[in-house]
Amino acid sequence: MLEIKGFRGIRFNPQTVGPLENVVTPPFDVIGPQEREMLASRSPYNMVHLILPKERADMDRYAAAAQDLNEWLAEGVFRVDEDESFYLLEQRFRDLEGRERVRRAFFAVTRLPEEGEELVLGHERTFRHKIEDRLALTAATQANLGAVFVLYADPERRLEGFLKQMEARPEDDAAETFEGTRNRLWRVPVDSAVVDFFRDKKLYIADGHHRYRTAWEHRAELRAKEQPDGLREYDYVLMGFVELDDPGLTIYAPHRVVDTPADFDAAGFLKNLEPWFEVEKVEDGTLLERVNQEPGCAMGAVIRGTGNYLLRLRDIDRGDFLGRDRGEAFLDLDMAVLHRGVIERVLGYPDGTEFVYEPDAAKAVALVDSGEKGIAFLLKPTRPEQVCACAEAHEPMPQKATYFYPKLPSGGVIHRLV
């Protein structure tokens, strides 16, 4: 049974830190080195000092983050809410086409499932070095500094009244993160109807697989050490909940940009695609539009010095093309057709080769037009139901098969594990 509950959130104190846009950030894994320095310069209390800490002369970076967190709590940089609460979140942003969109969410903590409980399902592989990094940070700070972004189904709109509290009064906190997302946060009482709603539900991880696995392993370590006789705060993990049919739920297609092999021949490549794809040259600038209009599996290929091509997958047995070691949910993905079929089988790259992932198609094409890269593959976004299907089937997607936008903010609210 899925169990969610409220928590005593830790939030920045604007009277101490000033405008919250100077301290609230996106998650650590979408902040590059230059962005990290830009954010750090905004305020000595910016969240990057905690989520992407730097070592000091007398301590490693994890200890530095823990020292900052504890000092900020003592100095009033953070305020700790008196009562366990839920936290509503509205995110207002512009998508890649410039349209304003609004996504609603809420923060609560969820009891980490026991081994064998299939209550929280993911769709990505995790990597040991990333888990070890976050595990060391969690052990030092004893806090969830960022939330796991999860999806849930509510076809009957049973939580609509709960979410509409955002319309009843002004927000408690507001901050615009550097990528242009306006975040508004409301602290509200724990609602027993919401707790009851989730008891028979499953959650699907949209973003934050490494944060989730870190929380699970941190709990296991502390249980082994402490041998507790009941639940502790570290048995719960901070989550941001978004409904699967929320109008603002946005998934970008992380288009692939690849180098061409040394012996690459464009005509031969296109010829080798023909048993599997209908190949059509597109002379104007409508390639991505054409891809998105296709009812079945289709993708675009922008080939340096050759042209733009629409690739429509023929009515084939995908197992013949992609192999039979993976299930139907995986084979249904356009991303799987690209990776296993086009990149690995036709181009000859080995599984696990790193590529450039670019959600903005214009930027992907520009990398080819400039001569920096050889081919840009333009894709449709993965659909939410495909994410759920792969999670249910335990079929990990190719790396970066989804790009949920925007990310949940770091520093909007923190969950302490002690």
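First, some sorting: Ala, Val, Leu, Ile, Met, Phe, Trp, Tyr, Cys and Pro count as nonpolar, Asp, Glu, Lys and Arg as charged, and the others, Gly among them, as polar. This is a predicted model, where local features need pLDDT of at least 70 and side-chain atom pairs count only at pLDDT 80 or more, while totals for chains, interfaces and linings use all residues. Residues are numbered from 1 along each chain as its sequence is written, and side-chain values use heavy atoms, leaving out hydrogens and water.

**Stop 1: two helices**

Select helix H5 (128–141) and helix H8 (209–226). Helices here are DSSP runs (H or I, at least four residues), as are strands (E, at least two), numbered from the N terminus. H5 and H8 pack at an angle of about 60°, and their axes are 9 Å apart; axes are lines fitted to C-alpha atoms over the stretch in contact, with angles from 0 to 180 degrees between N-to-C directions. That makes H5 oblique to H8, a word for angles that are not under 35 degrees (roughly parallel), over 145 (roughly antiparallel) or 65 to 115 (roughly perpendicular).

**Stop 2: the end of H5**

Click on Gln 142, in the loop between H5 and strand S7 (143–144). Its phi is near 50°, a positive value in a residue other than glycine.

**Stop 3: the largest cavity**

On a 1 Å grid over the protein atoms alone, a cavity is a set of points where a 1.4 Å probe fits but cannot get out; a pocket is an open set with protein on both sides within 12 Å along at least five of seven lines; lining residues have an atom within 4 Å of a point. Points are joined across faces, edges and corners, and a volume is the space filled by probe spheres set on them.

The largest cavity has a volume of about 190 Å³. Select Arg 134, Thr 138, Leu 145, Gly 146 and Arg 211, the closest to its centre of the 15 lining residues. Its lining divides into eight nonpolar, five polar and two charged residues.

**Stop 4: the largest pocket**

Which residues are the closest to the centre of the largest pocket? Select Asp 29, Val 30, Lys 400, Tyr 403 and Lys 407. The volume of this pocket is about 980 Å³.

**Last stop: a cis bond**

Finish at Pro 406, in the loop between S20 and strand S21 (415–416). The peptide bond from Tyr 405 to Pro 406 is cis, with omega near -5°.
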